Amino acid sequence: ELIATTETAMAKNVMDWSSLLNGAGKNPNKSKYQYDVSNFYAAADFDAIYGVSGAGPAFMYDGIAFTRIWTGTPESEDIPRHVRVHQSRLFLGYRSGSVQWSEPGDPLTFDALTGTSGEIGVGAAVRGLMQLNGDALAIIHQKGVAMIQGDVGLEPYPGTISPDVGCVEYSAQSMGQFMYTSFRGVQNLRSTQSYGDFDTSQFSWDVWSFLRPRVQTSAFFESDPIGVINSLAVRNKSQYRLQFADGYQLTATFLREGEMPQYTIQRYFKADGVTPHTWDVVCAGVESNGRDRLFGASNDNTGYVYEIDRGKSFDGGNITGYLTLAVDDQKVPFQDKLYTDCHVHGIATGYFDFQMSRAVNYDIPEDQTDPGQIIPHNFGSLTDAPLGMEKYYFSKSIVKISGRCIAIRFDFSHNNLYPM
């Protein structure tokens, strides 16, 4: 739904996405809309969106009225890129390294001469603002992580969390723990035993060969299109996701507290099965019942907005996918092995059918067209009444595998079944 327009797209709050993503023009903005939802008033129905675009001033939208927020900075420079509500104030982060905050309880007023609004500089481009435990606000910037602690209306206490581990822009997420991606990998901003103190830890060594060229490119529109363009926090799955400019997605799933996350890599394609589908715009929200809602769109001129991780089809079309397991050599890669009675075990909702192919001796199982190389499997019963509940199943199809190092692939294509 269109909520605002401006006379010139690049001067206010409307952005030219084609210029943003392909680098057209002399100085593309390289920015995305960011927002925070908050309520500054003693009334339950007064929630409003406080947003920035990196292409114009900040703005507020409460479902009825749209208002631009001017800070007193010259108009040509009043183009914040990040926003966060903290201590009943509106905080704005700028590429210049400036962080400005409004009057308490009044997100539209920035007047340091007559009030308690103010500004602090961090010396590098701001790439995220994150509200931490207590009264601390993390300022994640290009060179490191700074922190404002204490009541900013009195005497804000600036501090340093990390002096040299900066942030890839649009990768910072709060999901019970504070996540962001730096040029050194996926970072966790965690509280130490001393209350109010924080440090960082890096835990993406398992996928560093995949991640390194994607976070150490100068910019995704200046070199190969593989860089980070977005991130999502999926709270009910305990997942942190990174989206890349070539359609890949890296998902870190936190299974147990204190353990390293498990990583999986996905790639999205358009209907032709060849053209990568990039999530150029993503948005996550939580309903009143606690359910996550994830939305995304691509810069493909269709205007389509998709809901991610929901439904059983792509607008009626099949959801087609495959999964290839890591090579299994049983720690003896040069010894032949014979598996005469293999079954597939898994969890599914109701009925699910899929196909399996395998390869040995370091071959890669590809999409098989030879019926003799395809083993059909299914979980559950097609005739049982669907209960909509996850259950544990094993396939009754028996598989025989013989060779040294084994790789297995599963393929599925459905438009009417819940995923496995």
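I looked up tyrosine 33 and found it partly exposed, at 34% relative accessible area (buried is under 20%, exposed over 50%, partly exposed in between; 1.4 Å probe, protein chains only). The model is predicted: local features need pLDDT of at least 70, side-chain atom pairs count only at pLDDT 80 or more, and totals for chains, interfaces and linings use all residues. Residues are numbered from 1 along each chain as its sequence is written, and side-chain values use heavy atoms, without hydrogens and water.

I then searched for aromatic pairs in the whole structure and got 17 (Phe, Tyr and Trp rings, the six-membered one for Trp, with centres within 6.5 Å; under 30 degrees between planes is stacked, over 60 edge-to-face, the rest tilted). Tyrosine 33 pairs edge-to-face with phenylalanine 59, at 6.1 Å centre to centre and 70 degrees between the planes. Tyrosine 33 sits in the loop between helix H1 (17–22) and strand E1 (34–38), and phenylalanine 59 in strand E3 (residues 58–61), so the pair ties together parts 26 residues apart in sequence (helices, H or I, are DSSP runs of at least four residues, strands, E, of at least two, numbered from the N terminus).

I checked phenylalanine 59 too: it is buried, at 7%. Phenylalanine 59 also stacks with phenylalanine 66, at 5.5 Å centre to centre and 25 degrees between the planes. Phenylalanine 66 is partly exposed, at 25% relative accessibility.

Elsewhere, I noted a cluster linked by ring pairs: Phe352, Phe354, Phe379, Tyr393, Phe410 and Phe412.

Last, I looked for charges over rings (NZ of Lys or CZ of Arg within 6 Å of the ring centre and within 35 degrees of the ring normal). Arginine 214 lies over the face of phenylalanine 244, 5.0 Å from the ring centre. Arginine 409 has its charged end over the ring of tyrosine 322, 3.9 Å from the centre.
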